[in-house]
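Subject: Structure handover

Hi there,

Here is the structure I promised to pass on. My notes follow below it.

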Amino acid sequence: MPTPLADKLRSIAGAPHVLTGVECSPHVLEGRTPEAVVFPGSKEEVAAVLALAADEGIPVTPWGGGTKLGIGSPPTRLGLVLGLKRLHRILEHEPGDLTATVETGITLSALQSELGKRGQWLSLDPAQPDRATLGGILASNASGPRRHLYGTCRDLLIGLTVVGGDGSIVRGGGKVVKNVAGYDLPKLYIGSYGTLGILVEATLKLRPLPDEDRLIVARFERLKAAGAAARAIVASDFIPSALELVDGGASHALGLAASGGALLIGVDGIKEQVDWQCAEVGRLLATLGSTECRVLDGPGRDEIWRGFGELGRVGVEGVAAVMKWGVLPTRVAEIMEEGGAVALRSGLRAVVTAHAGVGIATAVLAGAGANADAVVRTLTAWRAMVNGAGGHALVEWAPLAVKERVSVWDAPDAAFRIMKGIKERLDPRGILNPGRFVGGL
């Protein structure tokens, strides 16, 4: 980066908060090193940095905790990385209203810790909460097992402050739950992967911490039986907070010793309700082929959920790629089994888990010394399998050599024209995370 431009960045954020040269090496992305890394300390500094980048035509990649940066096509140029770790304050917390306004550089674990002091929490549980920042969670629409009951980011977002590609600061939504004024623009930015603006502040709906929180682990000899049990629970009067279907590979990685598959069922709420649900769910599962049903609490429960969140990262040896599937919930178990067979034909193995109630599956492709050809062949077959079932597929992580041969995203559909128009309006200079989203947006 030219010295005059680096000096301008230093004048905005302060010299200690601007990295250049070899100092940028921790922020290498897909084999590309950024020209500079800047850590603004306020939304006004973020706006000044973006205005400068727009004037100079430098692409900007937002960086929170880095947990979702593997999602996206490889960038053609990594200009300026904009780190948000200094934006980590809780600006307002209204316990009586169950709302909080927070800067987006705060990690989820830090936010939950502060909210927990007042007996409240944000009902999101994506993986790696110690690293994942609120901004990254919102920008990638990340969620975890509890989405089954509590929904995703779109269900919890009340208001949002965004810095646009021209450096303008835009506010949308409100600070109260009952807010019906105007278009719900904040939700437009959820899942936009930093291509429409930099999220700097968010107002969120909170919930009281549950009195009891338990995990039911049910083992099955066949994955299809576990899938049928999941559908039975969805059709029942039970209200689980989580309903996860895991195949034999995932069961082994979690230490569950379930060769066919297993169900992980979260139950939380008041004690009487939780006691009743655990007992009745156990009775139902016994009639549906469950070979063992355990109820876990405390450290045992936390260990399973923590391991579940690490599958595909450090929980499975020899990870070659990770793909996310979206299919009809009624076909989840069938697609999981078919995907496992596809991997075996290429000499690899699949470790697959799914949010059984909504049909979102995470498929980890693993195999010691897997070569790129086998990985490309399997990912291509997986996409054809999922698309053929009317679903969608996303390469969540893969080595650069694989991503250069397999598209991260499905082919753009009829909505792409609208998406492109929105991008052009909100980022007219095309500097925000360019080329990494669907269709090269």
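First, a word on terms: two strands count as paired if DSSP finds at least two bridges between them. Helices (H or I, at least four residues) and strands (E, at least two) are DSSP runs, numbered from the N terminus.

Please keep in mind that this is a predicted model, in which local features need pLDDT of at least 70 and side-chain atom pairs count only at pLDDT 80 or more, while totals for chains, interfaces and linings use all residues. Residues are numbered from 1 along each chain as its sequence is written, and side-chain values use heavy atoms, with hydrogens and water left out.

Strand 1 and strand 2 (residues 36-38) run antiparallel and are joined by three bridges. One of the residues involved is Leu19, whose bridge partner in strand 2 is Val37. These strands belong to an open sheet of four, with mixed pairing and the order 1-2-4-3. Strand 1 (18-20) and strand 3 (60-63) each have a single partner strand, so one side of each is left without a neighbour in the sheet. From one strand to the next, the twist averages 20°.

Two helices lie across this sheet. Helix 1 (residues 3-13) lies across strands 1, 2 and 4 (80-83), at about 155° to strand 1. Helix 2 (residues 43-56) lies across strands 2, 3 and 4, at about 170° to strand 4. For these angles, axes are lines fitted to C-alpha atoms, for helices over the stretch in contact (heavy atoms within 4.5 Å), and angles run from 0 to 180 degrees between N-to-C directions.

**The whole chain**

In total, the protein chain has 14 helices and 19 strands. Buried residues make up 53% of its 441 residues. Along its principal axes, the C-alpha trace spans about 70 × 55 × 40 Å. Among contacts between residues at least 6 apart in sequence, 71% join residues at least 24 apart.

Best wishes

Note on methods: Buried < 20%, exposed > 50% of the residue type's maximum accessible area, 1.4 Å probe, protein only.
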